[in-house]
Amino acid sequence: MAPGLGGVYREAMSWMEKVRDWRPTVHALAGLAAGALTAAVLGGLVLGWLAAILSLIDGPTGGWELAWFYVAVVLAGPVLALWAIHGLGALQRMRFRAVLGVEIAAPPRAVGSSLLQRPVRAWRAPATWRQLGYHLLAMISGTAGGLLVAACWTAPVLTYLVVRQGEGAGAAAGLVRAVLLAAIVAAAMLLVAPWMARSVAAADEAGGRALLGPSRSEELALRVETLARSRAEVVAATDAERRRIERDLHDGAQRRLVALAMQLGMARASLGDDVPEPLRQVIEQAHDEATEALAELRQLVRGLHPAVLDDRGLDAALSGIAANAPVPVRLRVDAGARCAPAIEAVAYFVVSEALTNVAKHADDGRGGATLDSVGGAGAAANGGGTGLRGLAQRAAAVDGTLTVDSPPGGPTRITVELPCGS
């Protein structure tokens, strides 16, 4: 194939591929219909609202009933306009998704504590004005782009109708030349129709992404909110799993170990003098091992999730830690209302780990723990300690903070603040 013919062939194939992709054309034509609908809805609302205002200014002629109707229209106009803006925005995003496969997230809605605050905050939100800007743009550029694409695709049909009219009227030489020129223009418009549709769709997509969706700052805020929610769900799920494991161990393995230790204890107590010494030693050793295993299992269960937290709350749980601590502990609890279970679990383990560090590393063997409902939970320990990174990770998992104050010569103070608000 000659080089020139090869180039023509490739251009023809490229044009056919663009023709097969009907989505930009359908999108442009749907934009024409959406632009007309937007103009009808917003234009009707604006005209009706202005007419009601002018009627109130001039004085209604139909009595108080008509005056109250105009007042209701004036007051409801901004709310109806908000509904129209958001509804038309959802319709446009649906058009992008259904035709082009482009997913545009809806911008965040303004919230308010009362029915009067919601419209005010919605009108003050940048997302509302961005969507309104797109609707105004769609009424002009969207309608014009749709008409242009429709004209390009229907140019041959229009030219054919003109030619038939010319034949019926007895075309003169000048009319024949005009018809030929129109046919050339129609052929050119048909050739550029795929590119025109793609250009209109691309411009509309760029405008839709910029105006119909959330801004960059709103996207980041939504992302942060999503991450915070997912992290809270993970923390809650982890805490629930700890509770489940604690219940399974308490109701299963721990009860069996208790029964085994009791049986070995009774067997040990009933041993007579005629029992061989090797057998006596085996039974005594088994009883001691079962007792130690039971103590370790209880410690493990308490480390997973102390049941006293669910039964009696954080105050009782921390009192149990202080009572069982190997060093003297001064405890003060002022937690007020109960926090979320995950928060209470973190506070419990933070205090437990801090007091463990006191027992391991303190020089004077004294420690203290304070829990206050204002600002969160805190743990203070005299003396250095390890595991601070683990404590910080526990606190950060629930949006808490950990600070360490360790001046030369001590005392070291570990303060953990947790969001204890309900």
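Me: What is the mean pLDDT of the protein chain, and which element has the highest mean pLDDT?
Reply: In this predicted model, 81% of the residues of the chain reach a pLDDT of 70 or more, and the mean is 79. Among the elements, strand β3 (residues 376–377) has the lowest mean, 43. The highest mean, 88, belongs to helix α2 (residues 23–58).

Me: How many contacts does the stretch of residues 373–386 have in the model beyond near neighbours in sequence?
Reply: The pLDDT lies below 50 over residues 373–386. Where pLDDT is low, the predicted coordinates should not be read in detail. With that caution, the number of contacts of this stretch beyond near neighbours in sequence is 50.

Me: Which element supplies the largest share of the largest nonpolar core?
Reply: This core has 24 residues. At least two of its residues come from each of α11 (314–324), α12 (341–361), α13 (388–396) and β5 (413–417). The largest share is ten residues, and the element supplying them is α12.

Me: Are helices α7 and α8 roughly parallel or roughly antiparallel?
Reply: The axes of α7 (residues 216–251) and α8 (residues 253–269) come within 3 Å and cross at roughly 25 degrees. Angles under 35 degrees count as roughly parallel. The relation of α7 to α8 is therefore roughly parallel.

Me: How many residues of the contact of α7 with α8 are charged?
Reply: Asp-248, Leu-249, His-250 and Asp-251 of α7 meet Ala-253, Gln-254 and Arg-255 of α8. Two residues of this contact are nonpolar and two are polar. The number that are charged is three.

Me: Does Pro-78 count as buried or partly exposed?
Reply: Pro-78 is located in helix α3 (residues 64–100). Beyond its neighbours within four places in sequence, Pro-78 is in contact with Trp-49 and Trp-123. Buried requires under 20% relative accessible area. Because its relative accessibility is 31%, Pro-78 counts as partly exposed.

Note on methods
Residues numbered from 1 in each chain as written. Predicted model: local features only at pLDDT ≥ 70, side-chain atom pairs only at ≥ 80, totals over all residues. Heavy atoms only, no water. Core = buried A, V, L, I, M, F, W, Y, C linked by side-chain atoms within 4.5 Å. Buried < 20%, exposed > 50% of the residue type's maximum accessible area, 1.4 Å probe, protein only. Helix = DSSP H or I, 4+ residues; strand = E, 2+ residues; numbered from the N terminus. Axes fitted to C-alpha atoms, helices over the stretch in contact; angles between N-to-C directions. Parallel < 35°, antiparallel > 145°, perpendicular 65-115°, else oblique. Contact = heavy atoms within 4.5 Å. Nonpolar A, V, L, I, M, F, W, Y, C, P; charged D, E, K, R; others polar. pLDDT = per-residue confidence, 0-100.
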